[in-house]
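I opened my notebook to see what a single structure would tell me.

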Amino acid sequence: MSATSLQTTGSYFAEPTVWIILTALALYGVTTFVWIWVLQFAHLGRLYPLMALAFVLVPIGSHFIFGEQFSLSYFIGVLLIAAGIFLTVFHSA
């Protein structure tokens, strides 16, 4: 959304762009604090593979929020990533 707003307004300092970027930075900050809090309860080696869920969740979100279209081979790749996350996190118990 930040990139789209910047492209539309042509300036980082245009009001819509500033608000979108500040909101994105705030969300990034909140998720950083949540990540640090979660690390109190489990080892990094156990939790870090879950970061790869971004490769699964971001395309799904972009499809529903922005209407982006992906090929079947892309979704097969996302399923393979999800399977790898599952094997890494849950099978190594």
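Here are my entries, from the overall fold down to single residues.

**Entry 1: the fold**

I noted at the start that this is a predicted model. I then looked up the secondary structure. The protein has five helices and zero strands. I read along the sequence and wrote down the pattern α-α-α-α-α.

**Entry 2: overall shape**

What radius of gyration does the protein have? I found 17 Å, whereas a compact globule of 93 residues would have one near 12 Å. I also looked up the box that the C-alpha atoms fill. Along the principal axes, that box is roughly 50 × 40 × 15 Å.

Next I looked up burial. Buried residues make up 11% of the 93 residues. The accessible surface comes to about 7,400 Å². Carbon and sulfur atoms account for 76% of that surface.

I looked at contacts too. I took those between residues at least 6 apart in sequence. Of these, 35% join residues at least 24 apart.

**Entry 3: the largest pocket**

I looked up the largest pocket, and its volume is about 530 Å³. Which residues are the closest to its centre? I listed L27, Y28, T31, A54 and V58, out of 14 lining residues. Two elements give two or more residues to this lining: helix 2 (15-38) and helix 4 (54-66). Helix 2 provides the largest share, with six residues.

**Entry 4: aromatic pairs**

How many aromatic pairs does a search of the whole structure find? I wrote down four. I then took the rings of F70 and Y74. Their centres are 4.6 Å apart and their planes lie at 15 degrees, so this pair is stacked. The cut-off here is planes under 30 degrees apart.

F70 also pairs with F75, and this pair is edge-to-face. I noted 5.9 Å centre to centre and 85 degrees between the planes. Ring pairs therefore link F70, Y74 and F75 into a cluster.

F70 has 23% relative accessibility and counts as partly exposed. Y74 has 35%, so Y74 counts as partly exposed. F75 has 32% and also counts as partly exposed. I kept the limits in mind: buried means under 20%, and exposed means over 50%.

**Entry 5: S62**

I went to S62, which lies in helix 4. Is S62 buried or exposed? Its relative accessible area is 9%, so S62 is buried. I then looked for its contacts, leaving aside neighbours within four places in sequence. S62 is in contact with G67, E68 and F70. F70 was already in my notes, as a member of the ring cluster.

**Entry 6: L44**

My last stop was L44. L44 lies in helix 3, which covers residues 44-47. L44 has a relative accessible area of 45%, so L44 is partly exposed.

What does L44 touch, not counting residues up to four places away in sequence? I found W35, L39 and P49.

I also looked up how far L44 is from S73. The two are 29 residues apart in sequence. In space they are 31 Å apart, C-alpha to C-alpha.

Key: Residues numbered from 1 in each chain as written. Predicted model: local features only at pLDDT ≥ 70, side-chain atom pairs only at ≥ 80, totals over all residues. Heavy atoms only, no water. Phe/Tyr/Trp six-rings, centres within 6.5 Å; stacked < 30°, edge-to-face > 60°. Buried < 20%, exposed > 50% of the residue type's maximum accessible area, 1.4 Å probe, protein only. Helix = DSSP H or I, 4+ residues; strand = E, 2+ residues; numbered from the N terminus. Rg over C-alpha atoms; globule rule 2.2 N^0.38 Å. Contact = heavy atoms within 4.5 Å. Areas by Shrake-Rupley, 256 points an atom, 1.4 Å probe, with all protein chains shown as cover. 1 Å grid on protein atoms, 1.4 Å probe; cavity = no way out; pocket = protein on both sides within 12 Å on 5 of 7 lines; lining within 4 Å. Points joined across faces, edges and corners; volume = space filled by probe spheres on them.
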